[in-house]
Amino acid sequence: MVDSINLLIVDDCEDDREMYIRHLRSDDEFSYRFIEAETADEALLLYQANTIHGILLDFSLPGRDGTQVLADLKKLDNHIPAVMLTGQGNEKVAADAIKLGAQDYLTKSDVTAAALKRVVHNAIERVEMLRKIDLQQDDLSAFAGVLAHDLKAPINVIRGMNELIVEALNEQDYDSVSELTVRIERSTRRMSELIDTLRVYNKSSNNNRPLLDTSLEILLEDALINLELDIQKRGARITHDPLPNVMGDPPQIIQLMQNLIANGIKYSNAPTPEVHISAELVENAWRIGVKDNGIGIQEEDLQVIFQPFKRLHGYDEYRGSGLGLATCRKILDRHRCKIWCDSEAGKGTTFYFTLPVAAVAEKSLLVG
Ligand code: ADP
């Protein structure tokens, strides 16, 4: 788990908000960025505009109460990392809040630094675990899907080719036999590539390595070494801004940049494919851009491309498994970060992703 937490505090009383912030500032485990809302509407807007890891939600808000806010949040997300703050003797509200998806509740009169830290930690960790389980379930069904479909296709080809080889041998047509064995070889290569990418995809959420303060510039060099052949073959030009230090899992960040740069080169018909990597500090996180001059993506496909096995082109047109971007998303989920894409068909594509700023810089950015 990264130690920088975006905590949404929803309470119309400024003194109470200040008290929660004071208590949580003494937390040794997490450093918080506090995002404050006074009303239900404000809270919903801020929840949508930010990656929120935890919520402190006052029950009595002007207009709509806390349980109504929970019901609205539930429409946006499966799991809400919220702790409901209730008045004394309000067990019914607490029970309703839990039923509506709050992870815990705390009576306002019982708020102490220790109690607040305990409920906030529990809510965040529980939701993180629930989200992980959801992702694993999605993976399992996607995995079953690919086994049933993508792996079956080359197997069927091989079976068909085998029958043709038997016929050709009976007719002593050895030219056809050698042509057919080449096609079998191509299908087995495709199966093997698919299994390799599946392995990388599965590994991308199944490790508990800590996130390290690491130089993105050095990781980019490693990614480019892995892509040397592709870059040379296409005569691609890769350029970059000065890149910062980030908090990340180095092998995964290499994989992430490798997948995006490889796509920038692959999905390009330009005589010289160009990929530029940029970095900009936006709201306490690094926003990294990977921009290409390739074929672009239509607006209606910008979301679906991150789904496992989603491809917009046939295998013969552009080779691939449809797992590259899904792997990127998984890696960024693990970093509690986001990936998205801007593109115009025919004009090129920019993938953006965020990464946490490195620990030393983070302290000065988060103060205040
Ligand atoms: P793969 O490249 O193995 O098919 P990805 O998950 O990496 O799988 O990408 C999914 C789909 O998104 C690709 O099939 C392609 O249609 C589209 N795509 C990905 N990156 C780009 C890009 N830089 N430019 C244009 N299309 C892209």
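Tutor: Residues are numbered from 1 along each chain as its sequence is written. In this predicted model local features need pLDDT of at least 70, side-chain atom pairs count only at pLDDT 80 or more, totals for chains, interfaces and linings use all residues, and side-chain values use heavy atoms, with hydrogens and water left out.

Student: Why does Ile-184 count as buried?

Tutor: Buried means under 20% relative accessible area, with exposed over 50% and partly exposed in between (1.4 Å probe, protein chains only). Ile-184 has 16% relative accessibility, so it counts as buried.

Student: Which residues does Ile-184 touch, not counting those up to four places away in sequence?

Tutor: Ile-158, Met-161, Asn-162 and Ile-165; contact means heavy atoms within 4.5 Å.

Student: Why does Asp-104 have no salt bridge with Arg-118?

Tutor: A salt bridge needs a side-chain nitrogen of Lys or Arg within 4 Å of a carboxyl oxygen of Asp or Glu. Arg-118, the nearest side chain of opposite charge, is 4.8 Å away, so Asp-104 has no salt bridge.

Student: What describes the packing of H10 and H11?

Tutor: Two packed helices are described by the angle between their axes and the distance between the axes. For H10 (residues 250–266) and H11 (residues 324–334), these are about 145° and 9 Å. Axes are lines fitted to C-alpha atoms over the stretch in contact, and angles run from 0 to 180 degrees between N-to-C directions.

Technical notes: Helix = DSSP H or I, 4+ residues; strand = E, 2+ residues; numbered from the N terminus. Lys, Arg positive; Asp, Glu negative; His and termini not counted.
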